[in-house]
Amino acid sequence: ISIYRDAKIILRTPQTVGYSLAASFTLGTLFSYLASSADILGIRYDLGELFPLVFGSLAAGMMVGSFINAKLVIKYGLRRVSHIALFCYACSGLGMMILDHIWPDLLLGFYILSACMLVTFTFIMSNFNTIALDPHGTMSGLASSLVSATTTTLGGMIAWSTGFLPLNAASPLGMVIFICTILAGISIYSVRQHVIISSETQ
């Protein structure tokens, strides 16, 4: 009974709901990127056997981003870092759309935008999850399970819905990233008056 009571409290916390939804939208774009990367990098940009190396080097950027995020959060705080990262994430999606119309065959441009997207993704997800869990104290274990399950499920559903789009070029992928990031921003903005972060995580 106490588990259900605690779960109800967690799921009714605006800060948790808003940032979990924002994380879900962001995670959905990553799933879409992973699903379309082989078509875009391997076929559209004709990388062939070089695809694993290029894709692997992009993924390595996420590791670097995690270390950078740890430094920035200490200095500037969770919300400032994650909100700026979300803005940069949206710019990456917008950049992909513009790139595909102006220089559709420019691999370097797509590579740079993808790297920026993946690095800022690490800033967004880790900090959004921390903010979502912050209000719950002793219920943090249950809250973590609920937030993780919700984020992964909704992110998968978002990626599944975008699977009906022809994500074989930078432009449609960029559109998905841009729209989902705007929705994530709306989710955060809608709960802005309810967000209180403890002194340990500010």
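Q: Is Cys-116 buried, partly exposed or exposed?
A: This is a predicted model, in which local features need pLDDT of at least 70 and side-chain atom pairs count only at pLDDT 80 or more, while totals for chains, interfaces and linings use all residues. Residues are numbered from 1 along each chain as its sequence is written, and side-chain values use heavy atoms, with hydrogens and water left out. Buried means under 20% relative accessible area, exposed over 50% and partly exposed in between, computed with a 1.4 Å probe on protein chains only. Because its relative accessibility is 37%, Cys-116 counts as partly exposed.

Q: How many disulfides does the model contain?
A: A disulfide is a pair of cysteine sulfur atoms within 2.5 Å. The closest cysteine sulfur to that of Cys-88 belongs to Cys-91 and is 6.1 Å away, which is too far for a bond. Cys-116 is in no disulfide either, as its nearest cysteine sulfur, that of Cys-88, is 8.0 Å away. By this rule the count of disulfides is zero.

Q: Which word describes the angle of helix α2 to helix α6?
A: Helices are DSSP runs of H or I with at least four residues, and strands are runs of E with at least two, numbered from the N terminus. Axes are lines fitted to C-alpha atoms, for helices over the stretch in contact, with angles running from 0 to 180 degrees between N-to-C directions, and the axes of α2 (residues 14-44) and α6 (residues 140-162) come within 7 Å and cross at roughly 45 degrees. Angles under 35 degrees count as roughly parallel, over 145 as roughly antiparallel, 65 to 115 as roughly perpendicular and the rest as oblique. The angle therefore makes α2, relative to α6, oblique.

Q: Which residues outside its sequence neighbourhood does Ser-187 contact?
A: Ser-187 lies in helix α7 and is buried, with a relative accessible area of 10%. Contact means heavy atoms within 4.5 Å. Leaving aside neighbours within four places in sequence, the residues in contact with Ser-187 are Gly-18, Leu-21, Ala-22 and Phe-25.

Q: What distance separates the C-alpha atoms of Val-195 and Pro-14?
A: Val-195 is placed in the segment after α7 (170-190), and with a relative accessible area of 10% this residue is buried. Beyond its neighbours within four places in sequence, Val-195 is in contact with Gln-15, Tyr-19, Arg-79 and Ile-131. Although Val-195 and Pro-14 are 181 residues apart along the chain, their C-alpha atoms are separated by 7.8 Å.
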